[in-house]
Amino acid sequence: MTHSPNISAHAAAQANRPKRSRLKRIRSVGLSLLAIILLGIIIFVVVPSPVDPVKWNAPTGPSFTEPGPWQENDKLSPAELVSDAPQFPEFITFDKVGVLYTGDSNGVIYKVGFDAEGKPQKAQVFADTHGTPNGLKFDTNGNLIVTDIKKGLLSINPSGTVQVLADHVDGNPIYLANELDIAQDGSIYFSDTSTYGRVLFKEMAEGKPHGRLLKYDPATKQTSVLLEGLYFANGIALSSDEDYVLIAESYRYQLTRYWLKGPKKGTSDIFTDNLAGFPDNISRDEQGHFWVGIFTTRLSFVDQMHGNPWLAGLMAKVPQALLNGASTPVKHGLVAEISPDGKVIESWHDPKGKLYGVTTAVNHNGYLYIGTAPGGSKGVHRVPLIQ
C-alpha cells in the first residue's frame, strides 16, 4: 500500500510545528533575557555612584626587568615556615629575650619561642583581643601595645590581660587603628587608616584621602591628631633619632615623613615615592634602614581607573563581594629595603608566589621574618639575610 504525496506533506508539516513552536519560545525567552540585561546595564550606568572620584595619573611603576634596586630576584623563594598557627600574621615583633609575637585576623595573639639552635618551637596563645590585632610593639614596661582595627589602641600586660588605651580622638571614633611605633619617651604613634572604618574598594576608586596619623601620650592618656589627609594610612616607623616618623600611604605607593623635631617640626613631606606596589607595614633595623612589606605589586586596572573618574565611579557601584577577587594580591612576594634618606637600596622577591600578600618584613637575628594578611599566603616565614 502506498501513501499519497499530500498525506506525507501534511504529516511532515505537523511534525515541524512543535519544532517551530520551541524555537519561538527560545527566541522569546532569549529576547526577554537580553532586555532584562540591557535594562540592568542602563540602570547600573544611570544610578549615581556612591563616591565622587577625583582623577589621579599614577606614575609608571618601576621595572622588574631593568637593572636597579627593583630588578627581580628570588631572595624570598627559599622561605622557611616558622609557624602556621597564625594563618595571617599581619605584623611581627620580638620581646627582649627574642620570643616572636604576632596577631592573627581572628583576634588571637601568638608567641613563638626558639631553642638554643634557633629553631622555632610550637606557637602558644598569648592573648585574644576579640578583634583584629595588626600592629604590635613592646613598651619599656613589658606591655604589648597593639593597634586593633576593631578595638582601637590596646595594652596587654605579660599575663595577657587586655586594656583599651584609646578608641576615640577629639570626640570622634578611631575608625581603623592599623600600625604603630613607640618612642623612647613612651609616646605611641599610630595610623588610623580610614574614616570608612573598613577596607573598601570604593575608597580606592574615590581616590580621596581619609587616613590620619595619631599620637597617644601615656603621661596624659590623651590622643591627638598629628596629620590628616593620608591615602590609606598604613605602616608606621620612627627614625633612629626619632626626629621623624614614616607613614605608608598605600593608595599612593609612597611613604610620607612627618617631622617631630628640628626646623621642619609639625610639617610633612614625601620620603619615598613611586614604590612598585602597595606599601603595608614598615619596620626599622639596627642600621636605621626601613623594611617595607609590599602587599601586592601594581594592579594595572586600578591605575587605569584612577586616570578615568567616570570608570572609577562605575567600579564603585559594583558590590564589594564581587570585587574581592579582583583586588586580591598578585602572587609575587615583594619587600623593599629603604635607606634613612629615602632611597630604595634593594628589593626581595618571590616571583613563584609561594610567599605573597606580604605585609611585614622584620630584620632580626640574621633572618628576615615575613608576615602576611588575608588574601596572601599563610603562616609566619623567614629567610636568611645572608644568601
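This note sets out, in numbered points, the main features of the structure shown above.

1. Basis of the note. The model is predicted, so local features are given only at pLDDT of at least 70 and side-chain atom pairs only at pLDDT 80 or more, while totals for chains, interfaces and linings use all residues. Residues are numbered from 1 along each chain as its sequence is written, and side-chain values use heavy atoms, with hydrogens and water left out.

2. Overall composition. The protein contains five helices and 26 strands; helices (H or I, at least four residues) and strands (E, at least two) are DSSP runs, numbered from the N terminus. Of its 387 residues, 48% are buried, where buried means under 20% relative accessible area, exposed over 50%, and partly exposed in between (1.4 Å probe, protein chains only).

3. Surface and contacts. The protein exposes about 18,700 Å², of which carbon and sulfur atoms supply 54%; accessible areas come from the Shrake-Rupley method with a 1.4 Å probe, and for residues only the protein chains shown count as cover. Among contacts (heavy atoms within 4.5 Å) with a separation of 6 or more, 52% are between residues 24 or more positions apart.

4. Strand β26. Strand β26 (residues 380–384) is largely enclosed by the rest of the structure, because four of its five residues are buried. Strands pair if DSSP finds at least two bridges between them. Strand β1 (residues 80–83) runs antiparallel to β26 and is joined to it by three bridges; Glu80 stands opposite Arg382. Strand β25 (residues 367–372) also pairs with β26 in the antiparallel sense, over four bridges, and here Tyr367 has Pro384 as its bridge partner.

5. A four-stranded sheet. Four strands form an open sheet in the order β16-β17-β18-β19, with antiparallel pairing. The edges are β16 (233–238) and β19 (268–272); each has a single partner strand, so one side of each lacks a neighbour in the sheet. Direction ignored, neighbouring strands of this sheet are turned by 30° against each other on average; the axes are lines fitted to C-alpha atoms, for helices over the stretch in contact, and angles run from 0 to 180 degrees between N-to-C directions. Within the sheet, β17 (residues 244–249) and β18 (residues 254–259) are joined by six bridges, and Glu249 stands opposite Gln254.

6. Residue Ile156. Ile156 lies in strand β8 (residues 152–156) and is buried, with a relative accessible area of 0%. Leaving aside neighbours within four places in sequence, its contacts include Ile109, Phe126, Leu144 and Val162. Phe138 is 18 residues from Ile156 in sequence, and the C-alpha to C-alpha distance between them is 9.3 Å.
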